[in-house]
Amino acid sequence: MAEETVKITVRPNGPLRVEGAIHLVDADGQEWDLTGKPAVSLCRCGASEKRPFCDGAHNRVGFQCMTSPGNLT
Ligand code: FES
């Protein structure tokens, strides 16, 4: 796999937005077909019915998680 830059944005109270050359695989190494998708949003609330992708359920369940590099302890 070529070394390419991937940008991951932690959305406030929401998913991880991943942009770049993405190879998303499950624990067995099977890869999701992301052809034509320059970015994906990955669920981090656990409530999505389309995991690992965000389906907006974080709003419905009231997921709360605000984080930034400044509040690591
Ligand atoms: S983060 Fe959006 S559904 Fe989980």
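Select β1 and strand β2 (residues 16–20): the two pair in the antiparallel sense, over five bridges. The model is predicted. Within this pair, pick T9, which stands opposite R17 in β2.

The three strands form an open sheet in the order β1-β2-β3, and the pairing is antiparallel. Which strands stand at the edges? They are β1 (6–10) and β3 (39–42); each has a single partner strand, so one side of each is left without a neighbour in the sheet. Look across the strands: from one to the next, the twist averages 20°. Strands of a sheet pair through backbone hydrogen bonds, so a hydrogen-bond display is a way to view the pairing.

Now show the whole chain as a cartoon. The secondary structure comes to one helix and three strands. Followed from the N terminus on, the elements run β-β-β-α.

Then select residues 30–64. Over residues 30–64 the chain is 14% helix and 11% strand. A distance between the end C-alpha atoms of this range comes to 31 Å.

Along the principal axes, its C-alpha atoms fill a box of roughly 35 × 30 × 25 Å. How many of the 73 residues count as buried? The share is 7%.

Conventions: Residues numbered from 1 in each chain as written. Predicted model: local features only at pLDDT ≥ 70, side-chain atom pairs only at ≥ 80, totals over all residues. Helix = DSSP H or I, 4+ residues; strand = E, 2+ residues; numbered from the N terminus. Buried ≥ 20, exposed ≤ 12 C-beta atoms within 10 Å, placed from the backbone. Pairing = 2+ DSSP bridges. Axes fitted to C-alpha atoms, helices over the stretch in contact; angles between N-to-C directions.
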